[in-house]
Amino acid sequence: CKTECNGGSNGLGSPPRSAPTLPIVNPVVWAHEQIDNGISPMSVLVNILPPNVALPEGLSDLTLWRIVIEILSDMPKRTKLPHINTLHDVISLFKSCRNIVVVSGAGISVSCGIPDFRSKDGVYARLAVDYPDLPNPQAMFDIQYFSLNPKPFFKFASEIWPGQFSPSPSHQFIKQMEDRQCLLRNYTQNIDTLEKVCGIRNVIQCHGSFSTATCDSALIPLL
């Protein structure tokens, strides 16, 4: 992004860096407040991006705000428990705990035959080959791009459409924890519905799932 200004540069062609007023609780809510107040996302990014980072030109304000939220949502790593060092220690925790939270992603479905997103043979890599005009892999999920060219999304959806796959041992393990009343909640970013197929009830599908997919025109559920 090129922005001429007075008083130096931080690598983005922007004013000198100063400490931003960061959100206290929820970066998404905070970002919406800034949007309502007419704040430019670039004025926030120049304060939180490293000086040597250059953003691609032509990014929309919506994309820039998403970058802001992603950065501000990156929580610091938790300190490792000093007495948990071996697989046996982990097993002991599973046996003794009763409020276990499981955060799951694409990795638990790869063994089912569902591709992940970011590996060298993943969804994003193949999209770049099949659809070279796609602005970026995430554009497949952008409703504005979808209205112009729905083919990338439909190709992706057809590959992981429910009914083609069975739950993995990881899904079964989470289900076993629930059956033994050890599972407080399973938060998943997967949309493949395999948690539902496996019978897991205490699950939050953070990105939605095909089980709630609806036709964009007719507003009719697809499953």
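# Helices, rings and cavities

Modeller: Gln181 follows H9 and has a positive phi, near 60°.

Biologist: What makes a stretch of chain a helix or a strand?

Modeller: Helices are DSSP runs of H or I with at least four residues, strands are runs of E with at least two, and both are numbered from the N terminus. On that count the protein has 10 helices and three strands. Along the sequence they follow the pattern α-α-α-α-β-α-α-α-α-α-β-α-β. The model is predicted, with local features needing pLDDT of at least 70 and side-chain atom pairs pLDDT 80 or more, while totals for chains, interfaces and linings use all residues. Residues are numbered from 1 along each chain as its sequence is written, and side-chain values use heavy atoms, leaving out hydrogens and water.

Biologist: Which residues of H9 are buried?

Modeller: Buried means under 20% relative accessible area, exposed means over 50%, and partly exposed lies in between, using a 1.4 Å probe and protein chains only. In H9, residues 169–179, the buried ones are His171, Ile174, Lys175, Met177 and Glu178.

Biologist: What puts them on the same side of H9?

Modeller: Their arc around the axis is only 155°, so they sit on the same side of H9. The arc is taken from the directions from the helix axis to the C-beta atoms. An α-helix has 3.6 residues a turn, so residues three or four places apart point the same way.

Biologist: What covers the buried residues of H9?

Modeller: The cover includes helices H4 (87–96), H5 (107–110) and H10 (194–198), together with strands E1 (100–104) and E2 (183–188).

Biologist: How many aromatic pairs does the structure hold?

Modeller: It holds 11. Rings of Phe, Tyr and Trp (its six-membered ring) pair if their centres lie within 6.5 Å; planes under 30 degrees apart are stacked, over 60 edge-to-face, and the rest tilted.

Biologist: Why do the rings of Phe146 and Phe153 count as a pair, and of which kind?

Modeller: Their centres are 5.8 Å apart and their planes stand at 85°, so the pair is edge-to-face. Phe146 has 18% relative accessibility and therefore counts as buried, whereas Phe153, at 22%, counts as partly exposed.

Biologist: What kind of pair do Trp161 and Phe210 form?

Modeller: A tilted one, with 4.9 Å centre to centre and 55° between the planes. Trp161 is in the loop between helix H8 (151–160) and H9, and Phe210 is in the segment after strand E3 (203–205), so the pair links distant parts of the chain, 49 residues apart.

Biologist: What lines the largest cavity?

Modeller: The lining is Val123, Arg126, Leu127, Asp130, Pro152, Lys155, Phe156 and Glu159, around about 60 Å³ of space.

Notes: Contact = heavy atoms within 4.5 Å. 1 Å grid on protein atoms, 1.4 Å probe; cavity = no way out; pocket = protein on both sides within 12 Å on 5 of 7 lines; lining within 4 Å. Points joined across faces, edges and corners; volume = space filled by probe spheres on them.
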